[in-house]
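Please read this note with the model open beside you.

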Amino acid sequence: MRNPQLNGDGELQHLLTLEGLPPEIIARILDTAVPFVSIAERDVKKVPLLRGKTVFNLFFENSTRTRTTFEIAAKRLSADVINLNIGVSSTSKGETLLDTIDNLVAMNADVFVVRHGQSGAPHLIAQHLSATDRAHIHVVNAGDGRHGHPTQGLLDLFTIRHYKRDFKDLTVAIVGDVLHSRVARSLIQGLTTLGTAEVRVVGPQTLLPTAVESMGVHVFHDMRAGLAGCDVVVMLRLQSERMKGALLPSAGEYFKHYGLTADKLKLAKPDAIVMHPGPMNRGVEIDSAVADGEHSVILPQVTFGIAVRMAVMSILAGSQPPA
Amino acid sequence: MTDAGLPNAEITLGQLADKMRGAVAFDAKLIGIHSGGAWLAERLAKMLGGEHAVGFIDVSFYRDDYAKKGLRQKVATTTLPFEVGGSRIVLVDDVLYTGRSVRAAINELFDYGRPEAIELAVLIDRGGRELPIEPTYVGARLTVARDLSIVLQRHPDGNLELSVEPAEGASRA
């Protein structure tokens, strides 16, 4: 079956998931993001690639960081950006998702950046556009349900590659609430595709998806064992707002077992980097001393996120619709 | 592939350097357009002596054929380790043809600052301009059929060589 993200020539048409995305395409996105990083250091922080194009940020679910970084990325590519906080507009008046899309297409949209609480919503939009002969319009998944958050996965990969160069000798530990984390899912898929030596997930049984081993990861319930000898530690936010039922005794208990402290970090390699997709809960999954410490690359992640989103949008908007 | 009709790149580079020597400001910054121009800018800085800082520019984000062809596979990072604002600049490229790359390079430079002056040095001028752009310094002028492109290559020993290839999009019948 053809990958719905790719056009007939194997070019990236939409970015919906990192699952099944060929390593060459992931590498191309990461390579293209490199020159975009330096644009932020210039007098004029803009390039004219998407001049005259319109990017719609469709956020059916709240997000500040992701929406803002997509907005900055699109503006630095000279696109016009329209932010729609749909949670509080049309859908509450009863409009369906695809009707909303058709209306925005009538306003000459070129790129949709979609955040939705339902897994598969960006995929549905991409399918709808192809089926109605509007394949020149591109969709970027900015997080859908528990399914995926591919640009976050890509910026995590970019950050790891920036500090560690090569994936093939790396041990990466992803710690915490993997169950609710689309970030973890995308990152695991990306790391596996790029041939990372070992990917570990660390957390209590209640916060790990069943059969998570089938994603090619090693499972640890003891954080100290899970961190031993790691090159990269990715802390996940405890998504209490998504938890239905008693998955945890208390935040304090969680921190005691799975919070990252300077003491626990000593078990990882001396040059290990600490990442977090944000927003972070200090004192819940990560201690302030670590979050602000010398191993932390949490703020560079944000900066790199803009460059990676610029790379994704400029590759998509330049790809040609299938002949 | 080598072509008997093409000049020797090393000799032509020497001729280009001769024309620039004494004419280029002593503190002019040499900015090579990626990738052939970048090799030439490095070589010229050594050949000219003086105090020529070297920078590199990749014009992919400024090309006018993006809407038609998309982004190139590999985009290099533009590296200008000096202030562009107020500088005297010599843009360096291997082959000057339509003038579109030079237009893109000038636009990109102005996003770094306002140069005092920009000159243009090219190894080969093959004519065929589609924009009103003229080089200040030329190594050699050539006439080449439209369906061919002239490519500058750098060998592992650093030696430069010119060759001819079918132009992108030209019919290969």
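What percentage of the contacts in chain A with a separation of 6 or more comes from residues 24 or more positions apart?

1. Contacts along the chain. The figure for chain A is 80%. Two residues are in contact if their C-beta atoms, placed from the backbone, lie within 7 Å.

2. Ground rules. This is a predicted model: local features need pLDDT of at least 70, side-chain atom pairs count only at pLDDT 80 or more, and totals for chains, interfaces and linings use all residues. Residues are numbered from 1 along each chain as its sequence is written, while chains are lettered from A and ligands numbered from 1 in the order in which they are written.

3. Confidence. The model has ipTM 0.86 and pTM 0.92. Chain B has a mean pLDDT of 93, with 95% of its residues at 70 or more. Here pLDDT is the predictor's confidence in each residue, from 0 to 100. Where it is low, the predicted coordinates should not be read in detail.

4. Overall build. Chain A holds eleven helices and nine strands. These are DSSP runs, numbered from the N terminus: helices are H or I with at least four residues, strands E with at least two. Chain A is as compact as a globular protein of 323 residues, because its radius of gyration of 19 Å is close to the 20 Å of the globule rule. That radius is taken over C-alpha atoms, and the rule is 2.2 Å times the number of residues to the power 0.38. Of the 323 residues, 47% are buried. Buried means that 20 or more other C-beta atoms lie within 10 Å of the residue's own; exposed means 12 or fewer, and partly exposed is in between, with C-beta atoms placed from the backbone.

5. Two domains. Chain A splits into domain 1 (23–148 + 303–318) and domain 2 (150–300). The bounds come from an automatic or database domain assignment. Between the two domains of chain A, 20 residues of domain 1 are in contact with 19 residues of domain 2. On the domain 1 side, α11(A) gives the largest share, six residues. That side has ten nonpolar, seven polar and three charged residues. Nonpolar covers Ala, Val, Leu, Ile, Met, Phe, Trp, Tyr, Cys and Pro; charged covers Asp, Glu, Lys and Arg; the others, Gly among them, are polar.

6. A covered helix. Look at α5 (residues 150–164) of chain A. Its 15 residues reach 20 Å from first C-alpha to last, close to the expected 21 Å. The expected span is 1.5 Å times one less than the number of residues. Eleven of the 15 residues of α5(A) are buried, including A:Leu154 and A:Phe158. The buried residues of α5(A) pack against elements of chain A including α1, β4 and α11.

7. A:Arg165 counts as exposed because it has 10 other C-beta atoms within 10 Å.

8. The chain interface. Across it, 17 residues of chain A are in contact with 15 residues of chain B. The largest share of the chain A side, six residues, comes from α1(A).

9. Cis bonds. Check two peptide bonds. A:Gly278 to A:Pro279 is cis, with omega near -10°. B:His34 and B:Ser35 are also joined by a cis bond, with omega about 0°.
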